[in-house]
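Me: I would like to go through this model with you, starting with helix packing. Could you set out the terms as we go?

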Amino acid sequence: MSSPVSYSREGRIAIITVDNPPVNALALPVRAGLASAFAQLASDADAAGAVLICAGRTFIAGADITEFDKPIEEPWLPKVLAQIENSNKVVVAAIHGTALGGGLETAMSCHYRVAATTAQVGLPEVSLGLLPGATGTQRLPRLIGVQAALDAMISGRPLSAKVAHQKGLVDELVEGDLKAGAVAFAERFIASGQTPRKVRDIAVDTSSLPADFFATYRKNIARETRGFYAPEQIIQCVEAAVSLPFDEAVAVENRLFMGCMTSSHSRAQRHLFFAEREVAKIPDVPKDTALRPIKQVAVVGGGTMGGGIAMNFANVGIPVLLKEISQEALDRGMSIIRANYEGPVKKGKLSQEAMDKCMSLITPTLDYKDLASADLVIEAVFETMAIKKVVFGELDAVCKPGAILASNTSTLNVDEIAACTKRPEDVIGLHFFAPANVMSLLEIVRGGKTSHEVIATSMAMAKTIRKMGVLVRVCFGFVGNRMFFPYVREAQRMILEGVPAERIDRVAFEWGMAMGPNGVSDLSGLDVLDKVNKEWKEKPADPAYCRMIEVLVGMGRYGQKTGAGIYKYEGRNAVPDAEVAALAKAEATRLNVPQIEVSDEEIIERLLYSMINEGALILDEGIATRASDIDVVFCHGYGMPRYRGGPMKYGDEVGLATVVAAMEKYRKRYGDLYWTPAPLLAKLAAAGQKFTP
Ligand code: 3HC
């Protein structure tokens with residue numbers, strides 16, 4: 001097999017080219033190829049220097065992430081990078097596309113870096129639960145300073161070539177022919193008679209670091225990195241960079257990298273990396289399915305949801321019509337949108353000009369006839385089937401042929417909605433999550449008759465508006481809400497059993513959820529949850545099912561919006577309410593629900609395993625395409641921490657046999673209704689397999 005790394009010469013400059021599509025990842029053949037190309041450079045008497053460049057769309061985009069689950073094979077990257085740096089002939093990296101992770105580390109082991117003006121460079125390892133483990137934590141502080149290096153590694157955000165140039169990470173920007181620019185740079189350097197500079201020999205500048213720099217840094221990032229393992233490891237590597245000689249600090253980096261690589265966090269985050277790419281692949285919809293152009297969108301319903309949905313399109317320059325039934329509702333809707341834009345403008349995160357442009361793209365209307373020109377119409381009215389049917393009847397009458405008619409329903413049957421039109425093949429569910437202008441998840445619900453074109457166009461549209469589109473099929477609650485119901489059900493049951501609501505939430509929060517189930521219920525609105533339960537035709541025949549929601553709604557306690565729900569509210573602060581605990585006790589007595597001791601471990605098991613089991617049923621029924629799609633739903637729409645990888649990945653990590661054994665324990669206590677393992681779960685557990693192998 002030919003090597004993905006080739007060696008040639010232009011005059012006295014060797015051209016070492018990496019060609020390993022699609023992103024030139026540093027798989028074993030690339031590392032081996034680099035080692036042999038640089039050995040050839042050393043022995044090539046006619047070569048005075050080298051340019052390291054890549055074929056295809058990008059410079060090396062990092063280590064090969066698929067290799068982290070396997071034993072490391074020599075030559076290991078740090079060894080290859082030391083070989084590059086130790087070349088006594090000057091080596092210039094020529095960067096285009098994205099030099100990321102091990103790719104940037106490779107570039108930093110070269111003596112100099114030139115970059116196309118459109119290039120980006122960064123160390124995004126943290127998003128994979130890793131730290132830059134091929135000397136990146138040591139080289140970046142030497143090149144751009146401690147603070148900037150930490151910021152880049154902790155956020156994982158890439159720098160543009162221009163910024164990298166300003167900071168000293170890139171030595172020269174090249175307009176036009178990158179290879180020619182890099183060769184010219186090398187030639188100039190050789191002509192200058194200087195000795196190549198090794199990044200390892202640059203001293204880390206600590207002159208402006210206050211004594212408490214690292215302590216303050218840790219404090220500043222504590223909130224956004226809560227629970228994640230890798231950020232602290234990165235800080236420790238940079239502490240080593242400022243206090244130890246290069247080789248000793250590299251040994252620290254090496255040790256901490258291995259800790260990250262073998263951590264459950266990194267396994268989970270790597271799983272999500274692939275899951276987020278896999279989710280776009282739909283087995284029965286060919287990749288080359290024709291897409292319908294989406295140049296004009298309409299949203300029916302100008303409430304908080306409709307307004308948020310409209311903003312998504314305006315934000316990417318697509319004009320949107322916002323349809324309401326009264327001028328008053330329309331004015332209110334437009335003013336909510338305006339306020340949503342004004343927030344970031346006040347904080348300096350959005351320019352007034354950008355806001356004005358977005359606002360000018362949103363046109364209010366009261367007339368269905370105006371929707372005739374829309375390529376995509378999204379209904380976002382009240383979550384009641386009867387109202388949705390009326391709206392779709394109107395849309396069917398006015399919309400042009402080929403327009404996509406979408407419903408933002410969060411639970412209702414898309415097929416039933418489609419059936420009241422003469423074009424069910426053009427009807428689809430587009431389930432946005434609140435706040436719709438912020439949350440990254442979009443559940444795309446295909447009906448039984450939805451055409452491939454409409455599915456493919458909806459998936460592409462999700463990407464256009466920067467959402468993670470996950471295709472699901474019709475069932476009550478689809479994937480996200482259907483799995484969220486058992487989670488809330490168990491939280492509710494535990495409240496009846498005498499477990500304080502705030503303790504359940506604290507345990508869920510400590511496990512990593514952005515918010516516990518009771519806080520989320522209050523935020524979503526207990527009235528909304530109660531209404532959903534009442535619309536649910538197959539609601540479990542269990543008088544204790546979400547009973548406290550019913551009781552509290554009956555008292556007018558709808559959650560945050562009424563200042564009281566499961567909690568009392570002081571502003572937005574949730575305060576435990578003894579009255580709720582007393583009410584729960586009385587209800588428990590009435591319903592014969594025993595008061596029991598519940599451990600923290602049991603709280604997590606009941607919240608998570610009930611969800612995992614529902615996920616297995618969903619897979620059994622073909623509602624989701626693959627387990628990892630479910631994980632994407634929960635990490636993008638329900639505040640599940642990426643370091644858990646989603647509920648199904650968590651099940652895989654705990655071990656499905658362990659999940660089933662715990663379920664059997666609860667089945668003995670509560671009966672078959674909720675705790676019978678789904679056939680898929682039971683089968684995989686018995687075979688010692690995982691949802692995602
Ligand atoms: N390893 C293995 N496969 C990779 C990969 C990598 N580093 N980067 C991308 N791929 C695969 C993707 O899974 C995808 O495969 P598919 O077509 O089968 O789904 C294919 O390459 C194309 O990737 P994208 O769809 O993401 O292509 P884009 O053009 O949208 O994005 C990119 C390109 C910006 C390079 C993006 O792929 C990316 O961010 N890659 C990961 C970069 C990264 O995290 N690097 C650090 C790796 S860890 C490391 O280097 C450790 C070191 O410190 C030791």
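Reply: Contact here means heavy atoms within 4.5 Å. Helices (H or I, at least four residues) and strands (E, at least two) are DSSP runs, numbered from the N terminus. The model is predicted: local features need pLDDT of at least 70, side-chain atom pairs count only at pLDDT 80 or more, and totals for chains, interfaces and linings use all residues. Residues are numbered from 1 along each chain as its sequence is written, and side-chain values use heavy atoms, with hydrogens and water left out.

Me: Which residues of α18 meet α19?

Reply: From α18, Tyr487, Ala491, Met494 and Ile495 meet Ala501, Ile504 and Ala508 of α19. These contact residues divide into seven nonpolar, no polar and no charged (Ala, Val, Leu, Ile, Met, Phe, Trp, Tyr, Cys and Pro count as nonpolar, Asp, Glu, Lys and Arg as charged, and the others, Gly among them, as polar).

Me: At what angle do α18 and α19 pack?

Reply: Helix α18 (residues 480–496) and helix α19 (residues 501–511) pack at about 140 degrees, and their axes are 9 Å apart. Axes are lines fitted to C-alpha atoms, for helices over the stretch in contact, and angles run from 0 to 180 degrees between N-to-C directions. The two helices, α18 and α19, are therefore oblique to each other; angles under 35 degrees count as roughly parallel, over 145 as roughly antiparallel, 65 to 115 as roughly perpendicular and the rest as oblique.

Me: Turning to the sheet, what is the order of its eight strands?

Reply: The order is β12-β11-β10-β13-β14-β15-β16-β17, in an open sheet with mixed pairing. Its edge strands, β12 (362–365) and β17 (468–473), each pair on one side only; two strands pair if DSSP finds at least two bridges between them.

Me: How many bridges join β13 to β14?

Reply: Four bridges join β13 (residues 376–379) to β14 (residues 404–407), and these strands run parallel. Isoleucine 378 stands opposite alanine 406 in β14. Helix α15 (residues 385–398) packs on the sheet, touching β10 (297–300), β13, β14 and β15 (427–432).

Me: What does lysine 389 form a salt bridge with?

Reply: Its partner is glutamate 416, with the closest N and O atoms 3.1 Å apart. A salt bridge is a side-chain nitrogen of Lys or Arg within 4 Å of a carboxyl oxygen of Asp or Glu. Lysine 389 is in helix α15 and glutamate 416 in helix α16 (residues 414–419), 27 residues apart.

Me: Finally, where does a cis peptide bond join two prolines?

Reply: Proline 21 and proline 22 are joined by one, with omega about 0 degrees. Proline 22 lies in the loop between β2 (13–18) and α1 (28–43).
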